[in-house]
Amino acid sequence: MSLATRRNMIFSFIGILALGLLSRPIFAADDKKPAIQGQVDSIVKSYLVVQKSLAADKTDGVSDELAKIHTSAAALADSSDGKLKEQAKALAAHSDVKVKDLKGARAVFKPLSTDVIALVQIMPQSAAIAPELYDVNCPMVKANWLQPSKDVANPYMGSEMLDCGKVEKTIASAQKK
């Protein structure tokens with residue numbers, strides 16, 4: 001084998017090795033995407049349970065759902081995506097509470113809603129959780145929330161003014177985008 005042939009084989013081997021090493025982080029990031037989507041879906045699923053409960057003037061189970069949101073948000077805070085990481089930290093902070101009454105639950109829901117809305121704009125929920133989410137505004141409390149239906153079910157006002165609000169935006173699921 002000539003020196004030129006050996007040199008070409010060595011350079012080819014080095015090139016293949018380098019390409020393999022450079023592409024490894026890309027594949028590793030793709031491996032984490034299903035886990036990240038799972039955390040986002042867990043947050044949105046629990047959030048929607050809280051929204052439905054508050055719209056029905058109930059607090060049963062709200063603290064448990066907030067604990068689930070906190071756990072998922074804390075796990076999501078380890079993300080390598082800077083925006084996702086910051087949003088997850090904010091969500092973890094706003095969900096680390098125990099609610100005692102309806103008024104307190106609704107007060108907690110306001111910053112939580114802001115955080116979840118920002119989260120799904122960074123990484124939308126999967127279609128299994130909600131094919132679409134509706135970003136609704138309540139002019140009475142000057143706050144928004146998400147819900148899976150166009151039919152307004154106001155978690156801030158409950159039975160007092162259940163249909164108070166206006167759909168401002170539709171957020172499609174990750175599969176639809």
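**Close-up views of a predicted model**

**View 1. Strand 1 and its two partners.** Strand 1 and strand 3 (residues 166-172) run antiparallel and share six bridges. This is a predicted model, and here Glu132 has Ala172 in strand 3 as its bridge partner. On to strand 2 (residues 143-147): this one is also antiparallel to strand 1, with five bridges joining the two. Cys138 is bridged to Ala143 in strand 2. The hairpin made by strand 1 and strand 2 has four residues between the strands, and Lys142 takes a positive phi there, near 50°. Strand 1 itself (residues 132-138) is mostly covered, with six of its seven residues buried.

**View 2. An aromatic cluster.** Tyr47, Phe109, Trp145 and Tyr156 make up one aromatic cluster. Three aromatic pairs are found in the whole structure. One of them is Trp145 with Tyr156, an edge-to-face pair with 5.9 Å from centre to centre and 75° between the planes. Trp145 belongs to strand 2, while Tyr156 is in the loop between strand 2 and strand 3, 11 residues apart.

View 3. Asp57 pairs with Arg106 in a salt bridge, and their closest N and O atoms are 2.5 Å apart. Asp57 lies in the loop between helix 1 (3-55) and helix 2 (62-76), and Arg106 is in helix 4 (residues 102-122), so this pair ties together parts 49 residues apart in sequence. Asp57 is partly exposed at 30% relative accessibility, whereas Arg106 counts as buried at 15%.

**View 4. Salt bridges within helices.** Lys68 forms one with Glu65, with 3.3 Å between the closest N and O atoms. Both residues lie in helix 2, three residues apart, or about one turn of the helix. Lys68 is partly exposed at 43% relative accessibility, but Glu65 is buried, with a relative accessible area of 12%. The other salt bridge joins Glu86 to Lys89, with the closest N and O atoms 3.9 Å apart. Glu86 and Lys89 are in helix 3 (residues 82-95), three residues and about one helical turn apart. Lys89 is partly exposed, with a relative accessible area of 42%.

**View 5. Stepping back to the whole chain.** Four helices and three strands make up the element list, in the order α-α-α-α-β-β-β along the sequence. Of the 177 residues, 38% count as buried. For contacts between residues at least 6 apart in sequence, 66% join residues at least 24 apart. The accessible surface is about 10300 Å², and 59% of that belongs to carbon and sulfur atoms.

Key. Residues are numbered from 1 along each chain as its sequence is written. This is a predicted model: local features need pLDDT of at least 70, side-chain atom pairs count only at pLDDT 80 or more; totals for chains, interfaces and linings use all residues. Side-chain values use heavy atoms; hydrogens and water are left out. Buried means under 20% relative accessible area, exposed over 50%, partly exposed in between (1.4 Å probe, protein chains only). Contact means heavy atoms within 4.5 Å. Accessible areas come from the Shrake-Rupley method with a 1.4 Å probe; for residues, only the protein chains shown count as cover. Two strands pair if DSSP finds at least two bridges between them. Rings of Phe, Tyr and Trp (its six-membered ring) pair if their centres lie within 6.5 Å; planes under 30 degrees apart count as stacked, over 60 as edge-to-face and the rest as tilted. A salt bridge is a side-chain nitrogen of Lys or Arg within 4 Å of a carboxyl oxygen of Asp or Glu.
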